[in-house]
Amino acid sequence: MKLDAIDLRILEAIQKDGRITKLALAEKAGLSPTPCWLRLRKLEKAGIVTGYHARLAMRRVAPVTSVLTEITLGNHRQTDFERFERVVASIPEIVACWSVGGGVDYILKIMTPDVDAYQRLMDGLLDRELGIDRYFTYIVTKTVKEETLLPLASLLSHTP
């Protein structure tokens, strides 16, 4: 789907405020409400807008330890990757998982109440014999930046 300037204004506005009213969104997009809403629905149907979320200040809700974990699998067959990814997708504490190139296979972002809970989670993964050859743990001591807004303008300025 080819996006125009109006689509980009809509996407930027809803990234900043997923609860924006139809009228306010239309004003930001430079359209009347009905055509603006139809464009938004078209972006949703095309799979460009995949959902609406609230960002939580988790530390105000409960204690949390954020951990980044590098995982290297012992074997690199497609079935090994698929099995690992299926299990990871089923564990709520694993809030992000990236398959990466380079010296490791995956990087996980894990959120648990404390380091002991993290270690129990990792022990459980190892017990499931998913083919984990080694893992490295990085405890997040301070979040410097964790942005949820995608930099649309700079990403699209490099599109041919």
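The model is predicted, so local features need pLDDT of at least 70 and side-chain atom pairs count only at pLDDT 80 or more, while totals for chains, interfaces and linings use all residues. Residues are numbered from 1 along each chain as its sequence is written, and side-chain values use heavy atoms, leaving out hydrogens and water.

**View 1. The length of helix α6.** Helices (H or I, at least four residues) and strands (E, at least two) are DSSP runs, numbered from the N terminus. Helix α6 covers residues 115–127, and its 13 residues should span 18 Å at 1.5 Å a residue. The expected span is 1.5 Å times one less than the number of residues. The end C-alpha atoms are 18 Å apart, which agrees.

**View 2. The start of α6.** Here a side-chain oxygen of Asp-114 comes to within 3.2 Å of the backbone nitrogen of Asp-116.

**View 3. The two sides of α6.** Buried means under 20% relative accessible area, exposed over 50%, with partly exposed in between (1.4 Å probe, protein chains only). Ala-117, Tyr-118, Leu-121, Met-122 and Leu-125 are the buried residues of α6. Seen down the axis, they fall within an arc of 140°, so they line one face of the helix. That arc is taken from the directions from the helix axis to the C-beta atoms. On the face turned away from the buried side sit the exposed residues Asp-116, Arg-120 and Asp-127.

View 4. Glu-129 lies in the loop between α6 and β4. Its phi is positive, about 50°, although Glu-129 is not a glycine. Glu-129 counts as exposed because its relative accessibility is 63%.

Methods: Polar contact = N/O pair within 3.5 Å; in protein donor to acceptor, adjacent residues only side chain to side chain.
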